[in-house]
Amino acid sequence: YTDSPLRAFESDLGVQAPLGFFDPVGYTKDGSAENFGRRRQSEIKHGRIAMMATMGYITPELVGKLPGYCSISQNLKFADIPNGLAAISKVPGAGWAQILAYMSFCEVTQDQSAGTPGGKGDFGFKVLTASEPAALKRRLNSELANGRLAMMAIMGMFFQDGLTGSPWGDWALYTDSPLRAFESDLGVQAPLGFFDPVGYTKDGSAENFGRRRQSEIKHGRIAMLAAMGYITPEVAGKFPGYCSFSLNLKFADIPNGLAAISKVPGAGWAQILAYMSFCEVTQDQSAGTPGGKGDFGFKVLTASEPAALKRRLNSELANGRLAMMAIMGMFFQDGLTGSPWGDWALYTDSPLRAFENELGVQEPVGFWDPLSFSSDGDILAFKRRRCVELKHGRICMLATMGYITPEVAGKLPGYCSFSMNLKFADIPNGLAAISKVPAAGWAQILAYMAWCEISQDQSAGSPGAKGDFGFKVLTAKDEAGLTKKLNSELANGRLAMMAIIGMFFQDGLTGSAWGDWALYTASPLRAFENELGVQDPVG
């Protein structure tokens with residue numbers, strides 16, 4: 001469809017996989033470049049404001065608020081201003097006037113007419129610039145994508161803040177929710193609790209909830225049978241004998257998976273459908289009946305004790321949900337590869353084939369991209385992400401060693417800051433060090449990071465883009481030896497990324513970089529630590 005007016009915009013910034021040019025409402029169907037430019041300008045502004053607003057929600061929760069006073073005349077400290085929507089009524093009128101004045105200044109001091117740099121969102125603040133056109137385009141696309149995400153994020157934060165009175169949407173505070181009617185039902189399990197992201201139950205209708213629960217139970221049971229039907233023939237083999245004497249068709253002749261659909265005779269499908277119909281019509285499944293709750297008198301999951309019965313029924317629901325996801329995955333991999341087990345060797349058309357011989361593809365997982373970042377086969381995007389992965393891995397390896405080394409080998413002698421009389425020995429290990437390191441120290445750290453970034457050419461195809469900055473610690477003359485060492489660096493970096501997050505988490509919970517269990521007094525597991533079976537060294 002080459003005559004579409006949307007063709008005029010499909011090469012513009014913001015057109016990204018997997019959606020491509022996305023305009024479901026049809027704002028651009030008139031093909032007007034002027035209107036498109038005006039809307040793009042608004043999108044950029046809203047995205048930038050939303051990114052700042054989102055960070056404004058998150059930052060005070062993580063690192064605290066500014067010291068000192070917001071208004072000395074009103075004796076109002078920054079610490080007195082709550083986070084989120086509740087701050088609107090606390091900020092003084094003069095504060096809002098300053099905010100609005102600054103916004104007006106940004107608007108009126110730039111020429112933003114069509115065709116000007118300001119009309120494209122370029123106000124001379126070159127944070128996202130690059131000398132190479134491809135790199136510049138990628139960064140501007142990233143700004144648009146992040147702005148779109150931030151617009152969704154800030155609306156979600158406003159919504160949960162308005163509902164619960166907390167910027168983080170504490171469910172315990174939202175007592176008026178119609179979902180409260182169902183939070184004690186079967187299927188409400190940790191860690192998600194009552195989970196209805198699409199909002200099917202927001203009307204609070206018990207009748208609709210019961211009907212959907214009945215459907216969920218049926219689909220779960222069928223999916224459990226189907227999932228086992230995929231697995232069992234592969235593990236235990238097929239039935240002996242004939243599926244159809246008249247067609248001379250043995251069970252062994254019927255392939256496993258989707259390929260079986262065309263092999264089973266029509267009479268076989270008729271029997272399957274007849275049995276399903278029998279199960280449906282021979283039971284009263286109206287609201288309030290046992291059948292309406294999935295109880296058809298087949299007491300495999302029964303128990304005399306109510307708590308045990310509830311646990312078993314919850315298990316059936318959970319297993320059914322898992323089976324529904326599993327069977328869809330099996331169908332998908334069967335359709336892609338022609339094998340019910342999704343043999344990767346058979347999927348020759350995959351765009352991921354372009355990367356399966358890259359560094360980092362290691363046993364037992366092989367090429368692993370569960371979020372499909374590389375599904376478009378874009379080599380440039382893959383190499384950019386690999387560059388980022390290397391950097392993050394290296395930083396995390398240093399960070400992990402930075403957690404461990406002071407605990408094992410001790411700290412540096414002497415002073416971190418003479419002017420503040422601060423010795424290295426006075427700086428605690430882990431997260432507690434953040435507030436102790438002087439601002440000048442943080443400035444040096446950030447300056448060094450910035451120097452590492454800007455002092456090297458990291459454009460596509462350069463050694464820097466591959467993580468090679470001339471520091472030849474991991475080099476080798478032998479090509480196979482070099483590949484092994486570089487693979488080890490990637491693997492260790494990935495491990496370090498997981499490790500440092502775990503260290504942050506246990507440090508935050510216990511106040512100790514090593515997560516001393518004795519310090520985590522609020523753990524619910526404390527209730528069981530004196531039971532039988534708690535033995536050294538594991539506890």
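This note sets out numbered points on the predicted model shown above.

1. Basis of the model. The structure is a predicted model, in which local features need pLDDT of at least 70 and side-chain atom pairs count only at pLDDT 80 or more, while totals for chains, interfaces and linings use all residues. Residues are numbered from 1 along each chain as its sequence is written, and side-chain values use heavy atoms, with hydrogens and water left out.

2. Overall composition. The protein has nine helices and six strands; helices (H or I, at least four residues) and strands (E, at least two) are DSSP runs, numbered from the N terminus. Of the 539 residues, 24% are buried, where buried means under 20% relative accessible area, exposed over 50%, and partly exposed in between (1.4 Å probe, protein chains only). The accessible surface comes to about 36700 Å², and 64% of that surface belongs to carbon and sulfur atoms. Accessible areas come from the Shrake-Rupley method with a 1.4 Å probe; for residues, only the protein chains shown count as cover. Among contacts (heavy atoms within 4.5 Å) with a separation of 6 or more, 48% are between residues 24 or more positions apart.

3. The structure holds 12 salt bridges, a salt bridge being a side-chain nitrogen of Lys or Arg within 4 Å of a carboxyl oxygen of Asp or Glu. One of them joins the side chains of Glu43 and Arg148, at 2.6 Å from N to O. Glu43 lies in helix H1 (residues 33-63) and Arg148 in helix H3, so this pair ties together parts that are 105 residues apart in sequence. Arg148 is partly exposed, at 29% relative accessible area. Arg40, Glu43 and Arg148 are linked in a network of salt bridges. Another salt bridge is formed by Glu143 and Arg48, whose closest N and O atoms are 2.6 Å apart. This pair also links distant parts of the chain, with Glu143 in helix H3 and Arg48 in helix H1, 95 residues apart. Glu143 is buried, with a relative accessible area of 13%, whereas Arg48 is partly exposed at 26%.

4. Lys45 and Glu107 form a salt bridge in which the closest N and O atoms are 2.9 Å apart. The two residues are 62 residues apart, Lys45 in helix H1 and Glu107 in helix H2, and the pair links distant parts of the chain. Lys45 is partly exposed, with a relative accessible area of 22%; Glu107 is also partly exposed, at 40%.

5. Nonpolar surface patch. Ile49, Leu85, Ile88, Trp96, Ile99, Leu100, Met103, Met155 and Phe158 make a nonpolar surface patch of about 830 Å². Patches are made of residues with over 30% relative accessible area and no salt bridge: like charges are joined within 9 Å, nonpolar side chains (Val, Leu, Ile, Met, Phe, Trp, Tyr) within 5 Å. Helix H2 (93-108) and helix H3 (133-164) each supply at least two residues of the patch, and the largest share, four residues, comes from H2. Met103 is found in helix H2 and counts as partly exposed because its relative accessibility is 43%.

6. Loop between H5 and H6. Gln285 is found in the loop between helix H5 (266-281) and helix H6 (306-337), and this residue is buried, with a relative accessible area of 15%. The side chains of Gln285 and Lys218 are joined by a polar contact of 2.6 Å. A polar contact is a pair of N or O atoms within 3.5 Å; within protein, one must be able to donate a hydrogen and the other to accept it, and residues adjacent in sequence count only if both atoms are side-chain atoms. A polar atom of the Gln285 side chain also lies 3.0 Å from the backbone oxygen of Glu280. Leaving aside neighbours within four places in sequence, the residues in contact with Gln285 include Gln214, Gly291 and Phe296. Asp295 lies in the loop between H5 and H6 and is partly exposed at 32%. The C-alpha atoms of Asp295 and Gln285 are separated by 9.2 Å.

7. Helix H6. H6 has 32 residues and reaches 46 Å from its first C-alpha to its last, close to the 46 Å expected at 1.5 Å a residue; the expected span is 1.5 Å times one less than the number of residues. Its buried residues include Leu317, Gly320, Ala323 and Ile327, and helix H4 (206-236) is included in what covers the buried residues of H6. Just after H6, Gly338 takes a positive phi of about 80 degrees.
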